[in-house]
Amino acid sequence: MTEIASITPQRIERLRPSDIRLIARHSDELEAMSIVLASFVSYLRCFKDPTASEIDDVLSVSLQLKAADAWKIINAVDLMRAFRKYVDQSIYETVIKAVGVSESKDFTIIEYIAQRLGLDPATKELLPEAATGVAAPIPVDVVQDNKVAIVAGAQNTPNIKSKKSSVKFEKLHHDCLKYAEELRNTLGDTDCSVRGAYRESIERYLEDFPTIAGQGNMLLADSEARSLRGLLDEERDSLPPAIVDGLHRFFVAHQSICVFYDGVGQFYEQVRTGVLAPRLEETVVEFLAAIEQSPDFIDAAVVRAFREVDLDFKRLDVIAARLEIEKAVVPADPISLSPLRAWHYGVIGAMNAIYAAYRATKAPVGRTSSWLLSGQALAAITAPALSRLGASGPEAHLAGH
Amino acid sequence: MSAATPDDQPLRSLDQAFGVCLAPSRVDDVETIYKPKSLHRLDAESAKLMKRLIDVTEEGLRVTRYVYSELPLLWVVDGRGDIWFSLEEVVDRDGNYLFPKPSRVPVATPSKKLGHPSLIGGEQGRIGGEILYDTGAAPPRWFITNRSGRYGVRAGRTPEHLANVARMFGAYGIEFAADFYPPPDGAL
């Protein structure tokens, strides 16, 4: 190790054949290579508006390090992305063009280098960007303890533009909740002959219904309302008239209140024009496994919410398949919804939102590598599905990894 | 494609021996205007002087050993196949020699460094690189490398091109070990 310590930033600029052989002998050693590459990053930081001659030097050093197998331990692109903010753009491009892209490696060395130089690496730059403009069925973000959690969003916070609108919202909110609770109570009566699926659905609706701004999820509540609509279509003739009336009242109130939650409309707008992603069942399983394995970064409530998105929208699709739901409207459905597309968009929108929030967390000191590997796993599962939906997602970026 | 003429033959031989002529992808203005003061073309006269430097260093003169371990000489083969070599010099805005460029000493504006293109007026060149005495090698010795981003590690450069340059010096009794750095995968 004392030998490799001679590869200082000064020496990096003038690597001799013997230095290259020395580096090559240590090219598998994490700590030794962190000394070498820290010197390299330190050297690169010296340049501001470099001359042609200086770019020439950087190119030469990059290739000498390649000849010394220095890039065996870390992809040069990853190293440069992590320290991009400290390096002139032309220097950044020169190194990447010279060395090219190799496989992603153990990212621990980035942390070693950062510690040696007292720098703050941009670890999130090593993860592809999440897709933009994809509506999410669940509002997630990074919270204070650097975890992905459910937060307030357009799915659980009403958009109230005026005092008049506020009054209207309060009334509708009150009515909707009241009708839903009445329905639950009626369906819960021991004398009620209606099958249990109705009661289960209205209970889930009440669990999701945002009773206060920032909590619950109107989009998920809406999916339960759609399930109830499907059940009613199927069994309307055999249901007691009081139940049918109660459901009607409830549907009208629910449709009215949904207008105040922008997340509902935005989501269905995408569903309306959407296409289907292949192998979604498998994608869901893989993504669930990936987020369950990241409890330090992703709150358990997010995992539950994702599972709920999958189940709620899938349930809707199953009912629709039986009923051809789009033909059955009680009362008239303002949204011409394909349940299958809703499921696809719901799941993939949730995946993208969770991944985007994960990327916004900070890699914890000492665990950069595991953080990056988890993020890459999430991106790798999310990107192909997003790509099939036509979203400008992380696919191209992923190709570099 | 036109038929080859007898005049093409030497050119093709030079391409084969030292790589095709390529314009440097980047050149600083000063590199097209000024030439290093320490510049030599390799010929019988300059080789005789150079050999004395090489020999005295190998014989153990520590002064030159440590100087040329840190201050490599630049070299380039021009379009005609001539080999040029010099120190890497820093000049002022009027092209006046200031000092040889040591590592990690920033070149303050308006001073500029004269890199490889300055040896041949910023023109197209064949392979280029550095000559240095490596005190860290076992045993310590003189090396010639292709460490030049603008001529030496361009697409198409091969170890054979570098070996041929070493042979040109060898013809004058100057022996170098050759150390070749592969060019980037994509052409630069």
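The contact between the two chains takes 21 residues from chain A and 27 residues from chain B. Two residues are in contact if their C-beta atoms, placed from the backbone, lie within 7 Å. On the side of chain A that touches chain B, the elements giving two or more residues are helix H1 (9-13), H2, helix H4 (52-67) and helix H6 (89-99) of chain A. H4(A) gives the most, with 9 residues. By type, this side of chain A divides into 8 nonpolar, 7 polar and 6 charged residues. Here Ala, Val, Leu, Ile, Met, Phe, Trp, Tyr, Cys and Pro count as nonpolar, Asp, Glu, Lys and Arg as charged, and the others, Gly among them, as polar.

This is a predicted model, in which local features need pLDDT of at least 70, side-chain atom pairs count only at pLDDT 80 or more, and totals for chains, interfaces and linings use all residues. Residues are numbered from 1 along each chain as its sequence is written, while chains are lettered from A and ligands numbered from 1 in the order in which they are written.

**Confidence in chain A**

pLDDT is the predictor's confidence in each residue, from 0 to 100. Chain A has a mean pLDDT of 85, and 88% of its residues reach 70 or more. Confidence is lowest in helix H17 (residues 395-398) of chain A, at a mean of 36, and highest in helix H2 (residues 17-25) of chain A, at 97.

| Stretch of chain A | pLDDT | Contacts beyond four places in sequence |
|---|---|---|
| residues 322-332 | under 50 | 19 contacts |
| residues 392-401 | under 50 | 24 contacts |

**The fold of chain A**

Chain A has 17 helices and 2 strands. These are DSSP runs, numbered from the N terminus: helices are H or I with at least four residues, strands are E with at least two. Of the 401 residues in chain A, 48% are buried. Buried means that 20 or more other C-beta atoms lie within 10 Å of a residue's own C-beta, placed from the backbone. The buried residues of H11(A) include Phe250(A), Phe251(A) and Ile257(A).

**A sheet in chain B**

Chain B holds an open sheet of 6 strands with mixed pairing, in the order E1-E3-E2-E7-E8-E9. Two strands pair if DSSP finds at least two bridges between them. Strand E1 (40-41) and strand E9 (177-179) of chain B each have a single partner strand, so one side of each is left without a neighbour in the sheet. Strand E8 (residues 141-145) of chain B pairs with E9(B) in the parallel sense over 3 bridges. Ile144(B) has Ala178(B) in E9(B) as its bridge partner.

How values were computed:
A residue is buried if 20 or more other C-beta atoms lie within 10 Å of its own, exposed if 12 or fewer, and partly exposed in between; C-beta atoms are placed from the backbone.
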